[in-house]
Protein chains: 4
Amino acid sequence: MTDLRIAVLGVGMMGADHVARITERIKGATVTVLNDYFPEKAEELAATIPGCRVINDPLDAIADPDVDAVILATPGPTHEKQLLACLEAGKPVMCEKPLTTDVATSLEVVKREAELGRKLIQVGFMRRFDHEYEQLKSLIDDGTFGQLLVAHCVHRNPMVPPGFDSAMIVKDSIVHEVDVTRFLFDEEIVSVQIIAPGSNPQAPEGLKDPQIAIFRTASGRHIDVECFVTTGVAYEVRTEVVGEFGSAFIGLDQGGVVRKQRNPVQSSAGERKVAGIWGGDITPSFVERFGAAYDAEIQRWVNAVKAGINVDGPGAWDGYAAAAVCAAGVKALETGEIVTVDMVDRASIAGA
Amino acid sequence: MTDLRIAVLGVGMMGADHVARITERIKGATVTVLNDYFPEKAEELAATIPGCRVINDPLDAIADPDVDAVILATPGPTHEKQLLACLEAGKPVMCEKPLTTDVATSLEVVKREAELGRKLIQVGFMRRFDHEYEQLKSLIDDGTFGQLLVAHCVHRNPMVPPGFDSAMIVKDSIVHEVDVTRFLFDEEIVSVQIIAPGSNPQAPEGLKDPQIAIFRTASGRHIDVECFVTTGVAYEVRTEVVGEFGSAFIGLDQGGVVRKQRNPVQSSAGERKVAGIWGGDITPSFVERFGAAYDAEIQRWVNAVKAGINVDGPGAWDGYAAAAVCAAGVKALETGEIVTVDMVDRASIAGA
Amino acid sequence: MTDLRIAVLGVGMMGADHVARITERIKGATVTVLNDYFPEKAEELAATIPGCRVINDPLDAIADPDVDAVILATPGPTHEKQLLACLEAGKPVMCEKPLTTDVATSLEVVKREAELGRKLIQVGFMRRFDHEYEQLKSLIDDGTFGQLLVAHCVHRNPMVPPGFDSAMIVKDSIVHEVDVTRFLFDEEIVSVQIIAPGSNPQAPEGLKDPQIAIFRTASGRHIDVECFVTTGVAYEVRTEVVGEFGSAFIGLDQGGVVRKQRNPVQSSAGERKVAGIWGGDITPSFVERFGAAYDAEIQRWVNAVKAGINVDGPGAWDGYAAAAVCAAGVKALETGEIVTVDMVDRASIAGA
Amino acid sequence: MTDLRIAVLGVGMMGADHVARITERIKGATVTVLNDYFPEKAEELAATIPGCRVINDPLDAIADPDVDAVILATPGPTHEKQLLACLEAGKPVMCEKPLTTDVATSLEVVKREAELGRKLIQVGFMRRFDHEYEQLKSLIDDGTFGQLLVAHCVHRNPMVPPGFDSAMIVKDSIVHEVDVTRFLFDEEIVSVQIIAPGSNPQAPEGLKDPQIAIFRTASGRHIDVECFVTTGVAYEVRTEVVGEFGSAFIGLDQGGVVRKQRNPVQSSAGERKVAGIWGGDITPSFVERFGAAYDAEIQRWVNAVKAGINVDGPGAWDGYAAAAVCAAGVKALETGEIVTVDMVDRASIAGA
């Protein structure tokens, strides 16, 4: 079977990672077109991929006849126009979060896709493809825990790029827990509270880090999220759910265990101070923690597109819902209040 | 050296447990006097202990010349009068939580002890004597984590005695995390929020279980507590602290690991379905989880009394602070608001 | 770049698994030719793969111009002839263990490849591609443990196919630890002892299960292996190494942890017996345990073949060495003696 | 009830530890008499214990009317005479291992006690009182694993006192696994093999460390023991048993888990290298690992003596059996052969 021909728009860290993934590991797909705001970056990468060329206008890239499907790894503000172009061209698109940068345009995208009557948009919430989240979801769906009641999430990033501000902790980091909550509980989040306790002395001046998000779902369930972006330690993501019959914990430390002296070994046995430790390494970044999840996400998306299903994962509605919850979150951060999430009723949009 | 002669007031589950502890394991102490609201219960127990007799009036028991020190395991409403009697008699007293049942009388007890100019009252927050909490405190004090920023607590009880109401979840269960927070962060809690999400379908009608408590400390730190009293599973207590240089987790599952078939073994090898599991048992109750902590608490108290120090652990002020935070918690539960803790300034009471 | 065209010989469980792997997950490779002793099995599978056909003679399949490289998943006794045909055709071949079924023919294959002056043969010891074994090897090579001194291996299979005999435990199961030992210690095994203690009552009549293998390496290091093929539990593989500065353990239980009641939940809260357990599932078979390792093995082999390197992993010499150690092992099993491994000196074969 | 009056003979590390234990933690017991080969050591310690005096002749100490029971922590060569004195005096004795230093005298002690018709001798194999070993034994006895088939033991000491020789690794260290095997399998060991692979470069010149001991039980079961005395890391003791229905592992790393940076924290956030680790401390010595087991051992022994039972744990026969297995072990170490254990039939000694 011929390969799916993919245009990747945006070749920053995330886009370049997808290009490498498709080129090296994804079965049945080829990157045929690249696009970036900085054309030379796209050219440099394209030169390493047989049969791949650069198209400088993103909308031209989407429309190109050598393109069967699109991956959007461009900055959020460009998403709306690019997504609508994909819809218009009838081409499946895998859109890295956010769907768009505000609730109104996200809703517009949802409506347009609904009018089209064909699902073409998948949103890049990769945790749904992580083996442990999949297992947890499957245990939940099998009734292992009865009714879910509570969840606790921990999401710790070791460091923050320059310019990262307090609202971005909600929109770029906590957004993952927004989707995890909706995925695991299978219902919408109706209110958000953000607690910004005293900041980490290691955080840049003015950055409210950590933040604690508290979600309430439509049926009244409680989810809390501890989010740090400046721990200096490693990349740590954990989720615990508690239901009426038990609980489960994912994201625990894994891998081999090493046992050794705490301090460098002294040459003279007689003088050694004994202080043995056991343990292992923590995944340094999201690449190690969720690399396999990204692979699964893209492989399943490619398979779905080739099978004519186009979407196998979270869709435009999930992107809109995340936007609505994050908008409430930013307001909650600013006001200190519990903010109700303002969302349209899904049933009001036929086909959404 | 002669044994410390102890009167135990109240021989319900907790008091009887202390009697057994002192009789079987605590070095240098003897139970010489028992007292209970139901004299026959005290008589039955006393009959098993050489040299022990029953005194029916609790104040007489405290005053008895054969009594060097007192353990109060009586119902909370009787504590105030009994504590004041101990102070008057100049006898060291180990008082099971609560110090008293309201903030005003707790403060009164603090003041009377302060006026006496001698610490005689210890309060039974046994977690401070648990090996893991001690280790955690020691790591914190050594600066391992830099400044503490956040803590998460999980406190799950398998079942609830009849009559247990929603406010008791705050005052009898979450009170332990109030003390843990004050112990680990070494500062006061200034506000409390209680979230009562949708109740566990396994909980008795009307009981708001689970509850999520959110504490803010004087320096702005955030602590959250998930408390269940009807999980039906086991007794689970965990605490995680996060500071500027790292984090630590105590209360993880421990002990040997068994690996076996999930289902009963079939006799015919050919027909076996393979589904192996690994894991272990969870401590069924606080007895297994904190038994050693209670032993350490009482042994160290006995040693302190014999050494003339009288108190080696949380004192009257800690009991008062816990009462103040719990009072705010109950109000927070009733109103859904974030409630400021109303406490006097410790410095205003000379000797407190 | 055009796909590598692969002939898979033998479409039993292992071969069919490789076909599915290449068809669904391996980038840059296509199965163009299938062969099996039962042609209808090959035909049935080929019908599901676009552009794939069946060639009934294995040597014709190897020689076919539509075949760039070969995977041998045929029964061991046919390997010698098929490997020599691959060498003659100058085609890279990935040969599932064993290289051949006896030491002499294995040596013959080593010599023929050496005469050819080109490495074409890789042997399917997949554990070398397992993430944890790779990490362990890397820690060893980095000097983390200083000189390696001892290793312990546990290798437990839940059940045994009919006809599995005691010598097969050495040749088909323990052979993996033979290769793991040579991989981790980077030296040859010089003697083998097999202890067959009292058999598992669950084992088929006459099968000596478990078996304990004891290896001594050229530099005198000790490795022991516990091997079961009838535990009835799950598939469990662990390795621990101990060196002069510390030790490491891989193959520990992983994944999320579930906490629930031991017994089915009773409807009436009051009657529940509390007995909570924590834990998780064990991988039921080698498919779950080493699936990712097989993927990595084949992907890296495909990449190596396309890059003209042809081999990226254990080669013919490793297959010969394993055969020699297993032959000593079978003799050790039969005699109860410590048997010296009879191997030629690698340096005596130019190019081996 | 009056305290049990105990004479402790030998106040080296082990004896002094027992003195501290009894003085500080053991209920119902007092040290009334001390004895040591160096009288000033005994005097120094006695001066810290109210009512305790020193008796310079060990046999006088045993016979003293102020002594109800004896703890022997003297060097092994003195045990025979001291044990026989205890038997003659009819005084219960807790004897640290070894029972005596050779098989013949151990058998003589067994016979004398049997003739007496009263069990008075307990041997200090403290692991039987460790919580995890107790749990494991209880799971075995409950039939959790069906018939036991195999066990693996790891026993690692961080360092060796000067003068420790290769045979002492068998007699002083592996002897613990001899008793563990007999305790868990509930049958005798019939043969021993000792493998001394290449020595740890960190070990003193000439010391054969590590050693691997292989035991075969009367019913044919296999136990292996890896023993190191110079790891330089910490004190590590693990045991795994495998039976027909599953397996269990004790001695895993426990306690809280800390997560932090691998390297010292840098002051500038921007320059930090992220390399997070998780883990905890290993018990540095047998004191931390088995301290609670020693407490339980002595407390239960004191209780047994006061109850007139005198022995609650391994007895003289267990000491004799351990001596016989260790004698075979030393011969096995010297010869490299599998050595049959030479023991009398227990049934041949009425009352043993």
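Q: How many salt bridges are counted between domain 1 of chain A and domain 2 of chain A?
A: The count is two salt bridges. This is a predicted model, in which local features need pLDDT of at least 70, side-chain atom pairs count only at pLDDT 80 or more, and totals for chains, interfaces and linings use all residues. Residues are numbered from 1 along each chain as its sequence is written, and side-chain values use heavy atoms, with hydrogens and water left out.

Q: Why is the pair A:Glu134 and A:Arg300 called a salt bridge?
A: The term requires a side-chain nitrogen of Lys or Arg within 4 Å of a carboxyl oxygen of Asp or Glu. The side chains of A:Glu134 and A:Arg300 meet at 2.9 Å, N to O, so the pair qualifies.

Q: What makes 23 residues of domain 1 of chain A count as in contact with domain 2 of chain A?
A: Contact means heavy atoms within 4.5 Å. By that cut-off, the 23 residues of domain 1 of chain A touch 21 residues of domain 2 of chain A.

Q: What does the buried area between domain 1 of chain A and domain 2 of chain A amount to?
A: Buried area is the accessible area (1.4 Å probe) that two parts lose on being put together, summed over both. For these domains that is about 1900 Å², 66% of it on carbon and sulfur atoms. A:Val103, A:Phe125 and A:Arg127 supply 43% of the area that domain 1 of chain A buries against domain 2 of chain A, more than any other three residues.

How values were computed
Chains are lettered from A and ligands numbered from 1 in the order in which they are written.
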